[in-house]
Amino acid sequence: MTINDTLPDDFGRSFIRGLRDILGGAAEPLGDLDRRAGDGDFGTNVRTAMKLADRNIEDSEPSSYREWVTAMYMAWLGVGGTSGPLFGMFFRDLAKAADGEDAPTLAQFADALGAGQATVQKYGEAKVGDKTMVDALDPAVTALRGAVDSGKDASSALAEAEQAAVEAARTTAETVARRGRASYVGDVAKGVIDPGAAAMALVIGAARAAADGGDVDTAWIG
Ligand code: ADP
Ligand code: MG
């Protein structure tokens, strides 16, 4: 492990606060995607989750990485749809990245992201290519693990993961869903990015932004 493996002390706070703003701000276009390719409830689910996250943050006054991410996972577990429980269990795995009060190392974060992917696939039973959030998560985990193994610093490692996730999310427009309610509409979903994959790419982007202090581009979502 190298010195470059560290994430900022306030990583949890910046990650979750940033994600709350990014997802909240993209709820409309994300909802539009689900209206075109699914049953249209994803925008409402995102809005509800972010409202619950705000309330959890206010009530619990998180002070550690684990507490910040817990506020986010509890919020998603209070939301319906398929995405609510899946994002809930995903963020619960992310929360476990750090032991104690400190922010996780980059390697711990990468492992937790991999654990989150395994959980999503265990319960959702989606494979890569089924046009779900897994399509964005899988290449992000692979890119992040590769970057960690080659000793990249946190900012560039997470930037590589974000780029892989965004690229893969955009590519979901070329596929037909085999999971979730979007699978009921078949070919109608062609040409439409999967909203859950787009949201997952924003999650990785928020983690990158928490490491390098930059912004997250959401213009590609529509
Ligand atoms: P629903 O599909 O029940 O309407 P939402 O609209 O809340 O659920 O969320 C839709 C997103 O959830 C999809 O864009 C997809 O990324 C994700 N999703 C749906 N089913 C699954 C699954 N079985 N595994 C992983 N992700 C899924
Ligand atoms: Mg839906």
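In this predicted model, a nitrogen atom of ligand 1 lies 2.8 Å from a polar backbone atom of Gly124. The protein buries 97% of the 550 Å² that ligand 1 exposes when taken alone. The space that ligand 1 takes is the largest pocket.

- The side chain of Thr82 has an N or O atom 2.5 Å from an oxygen atom of ligand 1.
- Met133 takes part through its backbone, where an N or O atom is 2.9 Å from an oxygen atom of ligand 1.
- The contact with Gly124 also involves the backbone, with a nitrogen atom on the side of ligand 1.

**The shell around ligand 1**

- Ligand 1 is surrounded by 20 residues, and the closest are Asp41, Asn45, Thr82, Ser83 and Asp194.
- The most is given by α8, which supplies three residues to the shell.
- Sorted by class, the shell around ligand 1 holds eight polar residues, six nonpolar residues and six charged residues.

**The largest pocket**

- The largest pocket, whose space is taken by ligand 1, holds about 400 Å³.
- Its lining consists of 25 residues, and those closest to the centre of the pocket are Thr82, Ser83, Gly180, Arg181 and Asp194.
- The lining of the largest pocket divides into nine nonpolar, nine polar and seven charged residues.

**The loop between α5 and α6**

- Glu125 is located in the loop between α5 and α6 (134-149).
- Although Glu125 is not a glycine, its phi is positive, at about 55°.
- Lys131 also has its place in the loop between α5 and α6.
- The phi of Lys131 is likewise positive in a residue other than glycine, with a value near 65°.

Technical notes:
Residues are numbered from 1 along each chain as its sequence is written. Chains are lettered from A and ligands numbered from 1 in the order in which they are written. This is a predicted model: local features need pLDDT of at least 70, side-chain atom pairs count only at pLDDT 80 or more; totals for chains, interfaces and linings use all residues. Side-chain values use heavy atoms; hydrogens and water are left out. A residue is near a molecule or strand if one of its heavy atoms lies within 4 Å of it. A polar contact is a pair of N or O atoms within 3.5 Å; within protein, one must be able to donate a hydrogen and the other to accept it, and residues adjacent in sequence count only if both atoms are side-chain atoms. Accessible areas come from the Shrake-Rupley method with a 1.4 Å probe; for residues, only the protein chains shown count as cover. On a 1 Å grid over the protein atoms alone, a cavity is a set of points where a 1.4 Å probe fits but cannot get out, and a pocket is an open set with protein on both sides within 12 Å along at least five of seven lines; lining residues have an atom within 4 Å of a point. A molecule sits in a cavity or pocket if more than half of its atoms lie within 2 Å of its grid points. Helices (H or I, at least four residues) and strands (E, at least two) are DSSP runs, numbered from the N terminus. Ala, Val, Leu, Ile, Met, Phe, Trp, Tyr, Cys and Pro count as nonpolar, Asp, Glu, Lys and Arg as charged, and the others, Gly among them, as polar. Grid points are joined across faces, edges and corners, and a volume is the space filled by probe spheres set on the points.
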